[in-house]
Amino acid sequence: MIEELKTLYPTLESNCEDLVLSSKKLFQAQQGKGVPEFYETLKLKINTKVNYEYSNVTKSNELADSLHQEFENIQTEIKDQKKPENKRQIDKIIEDYQKDKQKETKLSKLPQQFLKFDEKTSATQTNNTYIQNDKQQAQNKSLVAVNPNEHQLSVIEPARLGTVMVQKIKKIIKPEWHAPWKLMRVISGHHGWVRCIAVDPGNQFFVTGSSDRTIKFWDLATGNLKLTFTGHISTIRSVIVSARHPYLFSCAEDKTVKCWDLEQNKMIRDYHGHLSGVYSLALHPTLDVLVSGGRDSVCRVWDIRARQQIHVLEGHTNTIDSIICQEFEPQIVSGSQDSMIKLWDMTSGKCISTLTNHKKSVRAMAFHPLEYTFCSAASDNLKVWKCPEGTFLRNISGHNAMINSVAINRNNVLASAADNGSLYFWDWKSGYNFQQINTIAQPGSIAAENGIFCCTFDQSQMRFLTGECDKSIKMYKEDETATPETHPIDDIRIEYANQNY
């Protein structure tokens, strides 16, 4: 059989040899010089790869243009023989592209310009040119990249022919451990709801105002009654002790704001101007200025020495329940039942920003004692804002009740007290709810009288005071026997606390 084939095709081997020799002669002039570089073809390949694989990523920004410009610069440098090492970089890209094409996969690698990872939060950052998420590669051979405009994860799935799915990343912050709080003392003495509470800057006593129209002074260490002021003819809604003068300021639903001299224990002046009940007060930390707000939907700025009204801040459309002041801009922040928060410039008396994120009445606000931020509370969410523009930072969700008061201490503990008697303690930075307390109405009160109207930390940050609907004042302190082992952090609550970040 073999001999028959040889007779049928005697010249087959000789013809193949002739073809090889002719091919060698054809390319003999270029032998040893290598294949010339076709830069236009190289540019077309790179542009086609970027546009096909990452068009959805680069469409909304100028990243593609800058990438193309970079490749053009590299090509120019290769022509000029200035940086021959850049040629190896392009060869590496083309080599990887050919490997992926041979494997018949849509998965490709992004250049370094697409990848931006924070060293503190990313566990996948390396020094290589390309970064690939091994976990998702094992599951669906997907690439995890960062969209520079949105700062979110973009998942490129090979099965969808270049489709980019943007998945919002959950910012999980590890909460700081805090000791739980326990009830230390119950103080009785008022004959009405305890609507407001304030601690002396010297941490010697605290003051409460009630619907029984009296202001009472209590010893902070023992809880004994020291003094009672009378003068208001309606429910007292707010009291505040000055840190710069021996003065106490109070406001009530009788439309009056009063100033009490703590050295003479008597009222020395009052401020007239409100057309309805006054619900909130705030003192400026460095100026002799008092701010009040109430049912007439305006904030009035007073000179505490001359009883003169400096500004009338108009803009709210409903009762103003909370006012806070700070030393820096904006100096006055007001929250109202119209669900808005307004930031005011004290110098001009004008509103510089209006925050409308809340959907329910804003009944309480508090500045952080160390950060340039503040927290606002409503029945939809607790929200954290950054000063001075009022930039929204994050939600703290989970306290689904009508929150009447919030307080923040220097240990990053946020406390929120609600109308249904629930008291929640949060880690400030992560929003993790590490403790929930349901207050119990005192004997002689009905079960519905378990609401909490006000709360505050003392100056040492070691005691926590609440004024409640059962006419009592409750004092809490941290559990000294608690440890991270006896009261561990719940991972389920961490996930829930961070879901709205």
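**Reading aromatic pairs and cores**

User: How should I read the relative accessibility of Phe-217, and does it count as buried or exposed?

Analyst: Burial is read from relative accessible area (buried is under 20%, exposed over 50%, partly exposed in between, with a 1.4 Å probe and protein chains only). Phe-217 has 6% relative accessibility, so it counts as buried. Phe-229, at 5% relative accessibility, also counts as buried. This is a predicted model, in which local features need pLDDT of at least 70 and side-chain atom pairs count only at pLDDT 80 or more, while totals for chains, interfaces and linings use all residues. Residues are numbered from 1 along each chain as its sequence is written, and side-chain values use heavy atoms, with hydrogens and water left out.

User: How many aromatic pairs does a search of the whole structure find?

Analyst: Rings of Phe, Tyr and Trp (its six-membered ring) pair if their centres lie within 6.5 Å, and planes under 30 degrees apart are stacked, over 60 edge-to-face, the rest tilted. Searching the whole structure gives 19 such pairs. One of them joins Phe-217 and Phe-229 edge-to-face, with 4.9 Å between centres and 70° between planes.

User: Why does the pair of Phe-217 and Phe-229 tie together parts that are apart in sequence?

Analyst: Strands here are DSSP runs of at least two residues, labelled E and numbered from the N terminus. Phe-217 belongs to strand E7 (residues 214–219) and Phe-229 to strand E8 (residues 225–230), so their pair connects parts twelve residues apart in sequence. Phe-374 and Trp-385, by comparison, form a stacked pair, 6.4 Å centre to centre and 20° between the planes. This pair links strand E22 (residues 373–377), which holds Phe-374, to strand E23 (residues 382–386), which holds Trp-385, eleven residues apart. Both Phe-374 and Trp-385 are buried.

User: Which residues touch the most other members of the largest nonpolar core?

Analyst: A nonpolar core is a set of buried Ala, Val, Leu, Ile, Met, Phe, Trp, Tyr and Cys residues joined through side-chain atoms within 4.5 Å. In the largest, of 15 residues, they are Trp-181, Leu-423, Phe-425, Phe-457 and Phe-464. Two or more residues come from each of strand E26 (413–418), strand E27 (422–427), strand E28 (433–438) and strand E29 (452–457). Another core of 14 residues lies apart from it, and includes Ala-364 and Tyr-424. Trp-181, Phe-425, Phe-457 and Phe-464 are also among the members of one aromatic cluster, together with Phe-434 and Tyr-476.

User: What is Thr-456 in contact with, beyond its neighbours within four places in sequence?

Analyst: With contact taken as heavy atoms within 4.5 Å, the partners of Thr-456 beyond those neighbours are Ile-197, Val-199, Ala-407, Arg-463, Phe-464 and Leu-465. Thr-456 lies in strand E29, and at 17% relative accessibility it counts as buried.

Definitions and conventions: Helices (H or I, at least four residues) and strands (E, at least two) are DSSP runs, numbered from the N terminus.
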